[in-house]
Amino acid sequence: MSEKYGDVFTLHFGPKRVVVIAGYNAVKEALVTQADDFADRPKSPLFDLISKNHGIIFSHGEEWKSMRRFTLSTLRDFGMGKKSLEGRIQDEIIALIESFKCYNGKPFNPHLIVNSAVSNVICSIIFGNRFEYDDPTFKKLIRMLDENARIVGEPKALLFNFYPFIGTLLGLHKKVMQNIGNLKDFIQKNVKKRRLEFNANDITGYIDAYLLKQEQESTKTETYFHDENLHYSVLDLFDAGTETTSTTIRWGILLMMKYPEIQKKIQDEIKTHIKPGQLPAVEDRKKMPYTDAVIHELQRFSNIVPLNVSHAPPTDVYFRGYCIPKVSSVNKILITRIFFFSNKYAFKC
């Protein structure tokens, strides 16, 4: 469609108007050069109901800026993008390998196990500790996160967003809201526990850092650092961190099954550069160009969030000769190939 209509065009989904910005240069111009002009989120009835416009992903304006700034700063403090996080991931790899070994080479579905491993790395950053894979509370948490990710990607979620009145009558949101309620209960229990054990001189996770920030902001008449933002920020970190990463890993497993010759080359490179019994580290990356290239191709190819999360301009914006009013929903296409799957057909654009 962009070949026919250009890098900026409008689609109508029922009563909803969506402006599509397509292609690398146009997207970079919108989200980097004019980042502030597209920094808001459009109204989305289902996600507004789920998040109540709190947290990191679906909040707006100054609240979003405050939550985003605090979260990025805190995650960096706990090792995101640094070598200190590598040890947590390596520890989880050991547990994951042991879990795989329990199947004694027999076929099994790695879906929930991989989700659990990735989620545990997130847990170590948020709560300061990990969970055992067979922990019943943790297993329930993983299943609810997985179920919600599946439901919000189904056609009935789109129906709810386009026609919320019909969606409400059909009860399309009930299961998601039930899961959100249970997930919030889990988070609240952990927040209560961390609050009782809180020590300003021993900050072990994201929740501790948030509680410290609450303490520092307690004298202010207005603050965004209330408990609701804490609960929804933690939910956002679980959703964004667990689902995207675990899905990418499962795509990797699938593609290695489909292309065993590529898997063999990776295994040979691993055997050449990683000593027996030693875990791979980021510093090994420069010695393993083939594995590095496969990981990048995997991330390009994987169908994770093909249209990304919608943006909206907080005020009327002029972009590439078009006036985009603030009521618009702006979708961005970040990859050149997008696959749409249904039960009967697969279309490649």
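Colleague: Why is arginine 320 called partly exposed?

Modeller: The relative accessible area of arginine 320 is 36%. Buried means under 20%, exposed over 50% and partly exposed in between (1.4 Å probe, protein chains only), so arginine 320, at 36%, is partly exposed. This is a predicted model, in which local features need pLDDT of at least 70 and side-chain atom pairs count only at pLDDT 80 or more, while totals for chains, interfaces and linings use all residues. Residues are numbered from 1 along each chain as its sequence is written, and side-chain values use heavy atoms, with hydrogens and water left out.

Colleague: What makes arginine 320 and glutamate 29 a salt bridge?

Modeller: Their closest N and O atoms are 2.9 Å apart. A salt bridge needs a side-chain nitrogen of Lys or Arg within 4 Å of a carboxyl oxygen of Asp or Glu, so this pair qualifies. Glutamate 29 is in helix α2 (residues 24–33) and arginine 320 is in the loop between β3 (317–319) and β4 (322–324), so the bridge ties together parts 291 residues apart in sequence. Helices (H or I, at least four residues) and strands (E, at least two) are DSSP runs, numbered from the N terminus. Glutamate 29 is also partly exposed, at 25% relative accessibility. The whole structure has 20 salt bridges.

Colleague: Which residue forms a salt bridge with arginine 194?

Modeller: Aspartate 208, at 2.9 Å from N to O. Arginine 194 belongs to helix α10 (residues 174–196) and aspartate 208 to helix α11 (residues 206–217), so parts 14 residues apart in sequence are tied together. Both arginine 194 and aspartate 208 are buried. Arginine 150 is partly exposed, with 44% relative accessibility.

Colleague: Why does serine 124 count as buried?

Modeller: Its relative accessible area is 12%, and 12% falls under the limit for buried, so the word applies. Serine 124 sits in helix α6.

Colleague: What does the side chain of serine 124 reach?

Modeller: The backbone oxygen of valine 121, at 2.6 Å. A polar contact is a pair of N or O atoms within 3.5 Å; within protein, one must be able to donate a hydrogen and the other to accept it, and residues adjacent in sequence count only if both atoms are side-chain atoms. Beyond its neighbours within four places in sequence, serine 124 is in contact (heavy atoms within 4.5 Å) with Arg88, Asn129 and Thr204.

Colleague: Which residues touch the most other members of the largest nonpolar core?

Modeller: Ile126, Phe127, Tyr206, Ile207, Val234 and Phe238, out of 46 residues. Helix α6 (residues 111–126) gives the largest share, 7 residues. A nonpolar core is a set of buried Ala, Val, Leu, Ile, Met, Phe, Trp, Tyr and Cys residues joined through side-chain atoms within 4.5 Å. Valine 234, leaving aside neighbours within four places in sequence, is in contact with Ile126, Ile187, Tyr206 and Ile207. A second, separate core of 10 residues includes Val8, Val19, Ala26 and Phe38.

Colleague: What makes β1 and β2 a pair?

Modeller: Strands pair if DSSP finds at least two bridges between them. Strand β1 (residues 8–13) and strand β2 (residues 16–22) have 6 bridges, in the antiparallel sense, so they pair. Threonine 10 stands opposite valine 19 in β2.
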